[in-house]
Amino acid sequence: MHDLSNTRSSGSRSVHHGFTMVELLTTIAIIGMLIGILLPALQTARETARRSNCSSNIRQLVLATLAYESTNRKLPPSMLHTPGTLFAGNNGSWGVHGRILPYIEEGSAALKIDLEAAWDQPPNSTSGIPTTRVNVFVCPSEMNDTVRTKNSTPFVYPHNYGFNFGTWFVYDPATGNGGDGVFYPNSRLTMSKISDGTSKTFCASEVKAFTPYVRNTADPGSSYPASSPPPDSSVISTLAAGGDTKLGPLTNDNTGHTEWPDGRVHHSGFTTVFPPNTQVLYTKDGLTYDIDYSSRQEGNSATIRTYAAITARSFHRGKVNTAMLDGSVTIFAEDVDLKVWRALGTRAGGESTHVE
């Protein structure tokens, strides 16, 4: 007769396999170590992808600029202004960004633009164009990728690529003379005027949206900070004293490079007074800002010249993407030799043979 008791006893046995507390803690520790190893690598890979996308953006802009030149037999002006006059109200003259729209993927938007009318007035202001986010105008690393508001209403979209306005002097409204860069008001530059060579002359560089800046100060004169390293950025704080400050604790208080349609240097340009990412510190109401400086809005005066320290800045740590006028893109370290940086900012400085 079968022994049921033995069967029950044998069947009730079960083997349980599980983690001991030591094994569990060891597994958690290993997972933590792997995350610690992989997370920086993932972040690096993402930043590499963003920097590559940024490089592609700025390349498209310079190629569009060259297409504009090929069609019009001249490079685009930074804006249009009648020398010896004042703008009525704000400067609504379209900048380089707007003028090259037909030559980039956003060409359909250009069909709605009336370049003969101010960008901030009808029909342009009512078309939705100023508040349009133009993809190739915005770096994927921009921390404030959002429309700028005015009176709590969407007003205009910022951007991350400024065009080369030269070293320091930008524009003389009395004579119509422009600076030593590639872009300035009323310019009609042909490629033959780029005597330093297109491969050794900047077209555009990265800038940061919502940059605090100071404008409309006393005439600072033609001298700018010495080229011996490090350049003295504190002089800008002195020059900016008493100017019109466009800065504050809120993002929308800081409006440099927030108007992609606007042709003025503090919105659409950069200058080579300082190397990339140089901090230009200015203190107001107990807060310190890293500023840009424009001595006079172009068109704001019929006689006062514009000088500007609009610094190339990037969210790509220690580097800045810069496009040359031949269509190439070069990554410059922020410790680039200042003499080289300034030489590349001039179109006809005669120093091309010294720039490698």
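Is Met21 exposed or buried, and what is its relative accessible area?

**Before we start**

This is a predicted model, in which local features need pLDDT of at least 70, side-chain atom pairs count only at pLDDT 80 or more, and totals for chains, interfaces and linings use all residues. Residues are numbered from 1 along each chain as its sequence is written, and side-chain values use heavy atoms, with hydrogens and water left out.

**Exercise 1. Classify Met21 and find the patch that includes Met21.**

Step 1. Recall the classes: buried means under 20% relative accessible area, exposed over 50%, and partly exposed in between (1.4 Å probe, protein chains only). The relative accessible area of Met21 is 58%, so Met21 is exposed.

Step 2. Met21 belongs to helix α2, residues 21-72. Helices (H or I, at least four residues) and strands (E, at least two) are DSSP runs, numbered from the N terminus.

Step 3. Look at the surface around Met21. Together with Leu24, Leu25 and Ile28, Met21 makes up a nonpolar surface patch, and the four have about 410 Å² of accessible area together. Accessible areas come from the Shrake-Rupley method with a 1.4 Å probe, and for residues only the protein chains shown count as cover. Patches take residues with over 30% relative accessible area and no salt bridge; like charges are joined within 9 Å, and nonpolar side chains (Val, Leu, Ile, Met, Phe, Trp, Tyr) within 5 Å. A salt bridge here is a side-chain nitrogen of Lys or Arg within 4 Å of a carboxyl oxygen of Asp or Glu.

**Exercise 2. Explain why helix α7 is described as largely enclosed.**

Step 1. Count the buried residues. Helix α7 spans residues 338-345, and six of its eight residues are buried, so the rest of the structure largely encloses it.

Step 2. Name them: Leu338, Trp341, Arg342, Ala343, Leu344 and Gly345.

Step 3. Find the cover. Among the elements over these buried residues are β3 (161-164), β5 (202-206), β8 (269-270), β13 (319-324) and β14 (329-333).

Step 4. Check the N-terminal end. Asp337 caps α7 there, with a side-chain oxygen 2.9 Å from the backbone nitrogen of Lys339.

**Exercise 3. Describe the surroundings of His81.**

Step 1. Locate His81 in the loop between α2 and α3 (96-99). Its relative accessibility is 5%, so His81 counts as buried.

Step 2. Leaving aside neighbours within four places in sequence, His81 touches Phe87, Tyr171, Pro173, Asn186 and Gly299.

**Exercise 4. How many aromatic pairs does the structure hold? Work through two of them.**

Step 1. The total is 14 aromatic pairs. Rings of Phe, Tyr and Trp (its six-membered ring) pair if their centres lie within 6.5 Å; planes under 30 degrees apart count as stacked, over 60 as edge-to-face and the rest as tilted.

Step 2. For Tyr68 and Tyr103, the ring centres are 6.0 Å apart and the planes stand at 80°, so this pair is edge-to-face. Tyr68 sits in helix α2 and Tyr103 in the loop between α3 and α4 (107-110), so the pair ties together parts 35 residues apart in sequence. Tyr68 is buried at 9% relative accessibility, whereas Tyr103 is partly exposed at 29%.

Step 3. Trp168 and Tyr293 form a stacked pair, 6.1 Å centre to centre with 20° between the planes. This pair links Trp168, in the loop between β3 and β4 (169-171), with Tyr293 in strand β11 (residues 292-294), 125 residues apart. Relative accessibility is 2% for Trp168, which counts as buried, and 0% for Tyr293, also buried.

Step 4. Widen the view: ring pairs join Trp168, Phe169, Tyr224, Tyr293 and Tyr307 into a cluster.

Notes:
Contact means heavy atoms within 4.5 Å. A polar contact is a pair of N or O atoms within 3.5 Å; within protein, one must be able to donate a hydrogen and the other to accept it, and residues adjacent in sequence count only if both atoms are side-chain atoms.
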